[in-house]
Amino acid sequence: MTNSCYLRYFTLSCLISLIVLSVVFYVMDCGGGRLRTETFKLTKRGVSNETTSSPYRENIPRPVIIFNVLPKSGSRTLNTLVGKLGKNIKMANTMNDINESQEEKHNIINAAIRSNKTSFVYSHCHFKWMDPFGPEVGVPKPIYISVVRDPIERLASHYYFVRYGDGNTNRTNASLQFRKQMQSRHFSKESFDTCVLKRKRGCRNPGALMTHFSGETRRSVEQAIKNIDTRYMVVGIMEDYSSFLRILELRLPQVFEGISDIFKKERKGIVSATKTKNKRSVSKKVRKILRKEMEEDYKVYYAIKSRFKRSKLDLGIS
């Protein structure tokens, strides 16, 4: 056989192999194998996945929403608003008992996912992809949402919160348990600024935001942003709460429709109830110190702000 024949034979073999591989991957993607990504794509009509096998759509039946968020980021505001919607939504949270283990908290989340009911789960747990059904066809995946706050402002608010509480202090069994536990620790009543300048650990928590979104895998800025981009339908910004609520309405109207109106009517009462007592402003000197220490958190925070801005533009939210 001549060299030209060998070349034609080799080219034909490669072409046939390429066609066979394409068919195999198509079958796996559309059939039993269901190879898929979880990368969200925002459209004018809502959220869809970049593959046709996505369970994430605005008309998804009985969605299970997992709202996992760091404390003092406006989380109780959303939990309160969802409770006021008056819809048939199963409410659950992992903070009823502060002595619950991580495993017990994850069991609560898994139970909601398995319930086959429209559910809203409020949690302070770090991100963990909860998918008890695995690749089972036709079973909706949980929908993750969150909201973040400027890292230094959140840290300062939490510092004063564990010392003084807020307007909801002592109103529920969970808040009573929490206040009793905090008081037993006999925290210093010095200001946040003083604590930072004395270089005490009680007012420092670098990497908190990054760790929260990194989950149980590699803890890094890159992993946190990857999880946000591929696992979260929306991560809102506390400083623009109204837009966060509007995005939720547009993406999942069967759950959140009407939530913006409730917030407009009851904003003052809801926000004042969860506002930290005795919180003082953070000085420029302390901000400069903490910005260096919390560089990784701010990288994640600004990535979230950029994503949030794009979502607003795509949905026509001014």
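Reader: At what angle do the axes of helix H2 and H9 cross, and how is H2 classed relative to H9?

Author: In this predicted model, the axes of helix H2 (residues 75-84) and H9 come within 12 Å and cross at roughly 45°. Angles under 35 degrees would count as roughly parallel, and 65 to 115 as roughly perpendicular. The crossing of roughly 45° therefore makes H2 oblique to H9.

Reader: Which residues of H9 make the contact with H2, and what is the handedness of the crossing?

Author: H2 contributes Thr 77, Leu 78 and Leu 81 to this contact. H2 passes H9 in a right-handed crossing. On the H9 side, the contact is made by Tyr 241, Phe 244, Leu 245 and Leu 248.

Reader: At what angle does H2 pack against helix H11, and how is H2 classed relative to H11?

Author: The axes of H2 and helix H11 (residues 259-273) lie 10 Å apart, at an angle of about 125°. A value over 145 would count as roughly antiparallel, and 65 to 115 as roughly perpendicular. The angle of about 125° therefore makes H2 oblique to H11.

Reader: Which residues of H11 touch H2, and is the crossing left-handed or right-handed?

Author: From H2, the contact draws on Thr 77, Leu 78, Thr 80, Leu 81, Val 82 and Lys 84. Its partners in H11 are Ile 259, Ile 262, Phe 263, Glu 266 and Ile 270. The crossing of H2 and H11 is right-handed.

Reader: In what order do the five strands of the open sheet stand, and which strands are at the edges?

Author: The five strands are arranged as S4-S5-S3-S6-S7, with parallel pairing. Neighbouring strands are turned by 20° against each other on average, direction ignored. Each edge strand has a single partner, so one of its sides is left without a neighbour in the sheet. The strands in these edge positions are strand S4 (90-93) and S7.

Reader: How many residues of S7 are buried?

Author: A residue counts as buried when its relative accessible area is under 20%. S7 is largely enclosed by the rest of the structure, because the residues buried in it number six of the six.

Reader: In what sense do S6 and S7 pair, and which residue of S7 is the bridge partner of Ser 146?

Author: Strand S6 (residues 143-148) pairs with S7 over five bridges, in the parallel sense. The bridge partner of Ser 146 in S7 is Val 235.

Reader: Which strands does H9 touch, and what angle does the direction of H9 make with that of S7?

Author: H9 packs on the sheet and touches S6 and S7. The direction of H9 makes an angle with that of S7 of about 160°.

Reader: What angle does the direction of H13 make with that of S7?

Author: H13 also packs on the sheet, where it touches S6 and S7. The angle between the direction of H13 and that of S7 is about 105°.

Reader: Which helices hold Arg 307 and Asp 229?

Author: Arg 307 and Asp 229 form a salt bridge through their side chains, at 3.4 Å, N to O. Arg 307 is buried, with a relative accessible area of 14%, whereas Asp 229 is partly exposed at 32% relative accessibility. The two residues are 78 residues apart, Arg 307 in helix H13 (residues 295-315) and Asp 229 in helix H8 (residues 221-231).

Reader: Where do Arg 246 and Glu 249 lie?

Author: Their side chains meet in a salt bridge at 3.1 Å, N to O. Arg 246 is partly exposed, at 36% relative accessible area, and Glu 249 is buried, at 9%. The two are three residues apart, about one turn of the helix, and both lie in helix H9.

Reader: Which residues are linked in a network of salt bridges, and how many salt bridges does the structure hold?

Author: The network links Glu 153, Lys 279 and Arg 287. The number of salt bridges in the structure is 11.

Notes:
Residues numbered from 1 in each chain as written. Predicted model: local features only at pLDDT ≥ 70, side-chain atom pairs only at ≥ 80, totals over all residues. Heavy atoms only, no water. Salt bridge = Lys/Arg side-chain N within 4 Å of Asp/Glu carboxyl O. Helix = DSSP H or I, 4+ residues; strand = E, 2+ residues; numbered from the N terminus. Buried < 20%, exposed > 50% of the residue type's maximum accessible area, 1.4 Å probe, protein only. Pairing = 2+ DSSP bridges. Axes fitted to C-alpha atoms, helices over the stretch in contact; angles between N-to-C directions. Contact = heavy atoms within 4.5 Å. Left-handed = near helix turned anticlockwise from the far one by under 90°.
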